[in-house]
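Hi,

Here is the structure I promised to pass on. Have a look at it first, and my notes follow below.

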Amino acid sequence: MANIIDGKALALKMQSALAEKVKQMKSRYDLVPGLVVILVGDNSASQIYVRNKEQAALKAGFRSETVRLSEGVSEEELIEIINLYNADPAFHGILVQLPLPQHINDKKIILAIDPHKDVDGFHPMNTGHLWSGRPGMVPCTPAGIMELLHEYEVELEGKHAVIVGRSNIVGKPMAQLLLDKNATVTLTHSRTRQLPDIARQADILIVAIGSGHFVTKDFIKEGAVVIDVGMNRSENGKLIGDVQFEQAAEAASLITPVPGGVGPMTITMLLEQTYQAALRSVMSYDY
Ligand code: NDP
């Protein structure tokens, strides 16, 4: 039976350490890290994410602002607002909550964010840094998974990591972060053939597809480490992962639950990267 990877506990530990670092930053540099989250429209899931981010930022002692815009806001208006925060030295992190309404081109919006304030790590400059092995802002969910693997002393060097899902937000940056730690990485997707056979070769299996309970025991090698990124609603409204937890836990050595696994780490990394951006602003160093 697998041991559980407790993402909530690590997130709390890191957030309280961060609150301490923020206090020191205040007294040493008279500086408070500032995070602005911009939300367009009234998507209920996005509202919850944004509220959680705001609360966690305030609790850690950050300056936290949420800009709520109506669904009908134009692309130009949104870019104007982003530019105000790009120019405002009190804010070190800017996050535009996705998805955006159809009439707004999210690629243009991501490009409008100053890459040094792009705490989500989605700007092509940060993506380029990541893929060329240079420091920069990293998408928060894969960054959080790396922290979990580190905390639970999961050996990566020479291990086979299989990632299911190739999104820009999770799967692709995850692959690069694992490569950087000398894992052998297989990135799979919806057109991959014989997916269970490939997944069963994984020492570390990371699943981010958005399909409730898709991964069954047939996908898991005895002793594998299983990371479930999925957040789906079951028919009765319960939050469930992409992995059949009970089945997977029988074979795995370590496994993340949903909720309480990867989710809490995403917000933690958002705060950590905002703190780092604030520190860079005062230390006058680039990445
Ligand atoms: P996307 O929809 O952007 O990407 C899903 C990926 O999964 C695609 O690459 C797709 O393949 C692949 N995929 C879909 N179905 C299958 C299948 N049957 N077999 C193999 N591959 C498949 O999703 P995200 O990456 O944004 O999110 C994935 C999940 O993670 C969601 O449940 C989301 O809610 C959750 N999530 C959780 C976060 C957290 O903090 N815990 C943060 C971000 C996401 P293809 O490219 O071929 O279409």
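This is a predicted model: local features need pLDDT of at least 70, side-chain atom pairs count only at pLDDT 80 or more; totals for chains, interfaces and linings use all residues.

In helix α2, Asn52, Lys53, Ala56 and Ala57 meet Ile267, Leu270 and Leu271 of helix α10, where contact means heavy atoms within 4.5 Å. Helices here (H or I, at least four residues) and strands (E, at least two) are DSSP runs, numbered from the N terminus. α2 covers residues 44-59 and α10 covers residues 263-283; their axes come within 10 Å and cross at roughly 50°. That makes α2 oblique to α10. On the wording: angles under 35 degrees count as roughly parallel, over 145 as roughly antiparallel, 65 to 115 as roughly perpendicular and the rest as oblique. The axes are lines fitted to C-alpha atoms, for helices over the stretch in contact, and the angles run from 0 to 180 degrees between N-to-C directions.

Residues are numbered from 1 along each chain as its sequence is written, and side-chain values use heavy atoms, with hydrogens and water left out.

There is another helix pair to look at. Helix α1 (residues 7-29) packs with α6 at an angle of about 100°, and their axes are 11 Å apart. α1 and α6 are therefore roughly perpendicular to each other. On the α1 side, Gly7, Leu10, Lys13 and Met14 do the meeting; on the α6 side it is Glu147, Leu148 and Glu151. Ala19 also sits in α1. Setting aside neighbours within four places in sequence, Ala19 is in contact with Lys59 and Ala60. From Ala19 to Pro139, 120 residues along the chain, the C-alpha atoms are separated by 21 Å.

Now for α7. Seven of the 10 residues of this helix (residues 171-180) are buried, so α7 is largely enclosed by the rest of the structure. Buried means under 20% relative accessible area, exposed over 50%, and partly exposed in between (1.4 Å probe, protein chains only). The buried ones are Gly171, Pro173, Met174, Ala175, Gln176, Leu177 and Leu178. They pack against α5 (124-131), α6 (140-151), β5 (160-164), β6 (184-188) and β7 (204-207). Just after α7, Asn182 has a positive phi of about 70°.

On to the rings: those of Phe, Tyr and Trp (its six-membered ring) pair if their centres lie within 6.5 Å, and planes under 30 degrees apart count as stacked, over 60 as edge-to-face and the rest as tilted. By that rule there are two aromatic pairs. Tyr85 and Phe91 are edge-to-face, 5.1 Å centre to centre with 85° between the planes. Tyr85 is buried at 11% relative accessible area, and Phe91 is buried at 3%. Phe214 and Phe219 are also edge-to-face, at 5.8 Å and 65°. Here Phe214 is partly exposed at 38%, whereas Phe219 is buried at 7%.

Finally, the UniProt record (unreviewed entry) gives "domain: Tetrahydrofolate dehydrogenase/cyclohydrolase catalytic" for residues 5-120. UniProt positions are in the numbering used here, feature names are shortened, and annotations may be inferred rather than shown by experiment. The end C-alpha atoms of residues 5-120 lie 24 Å apart, and the span is 51% helix and 16% strand.

Cheers
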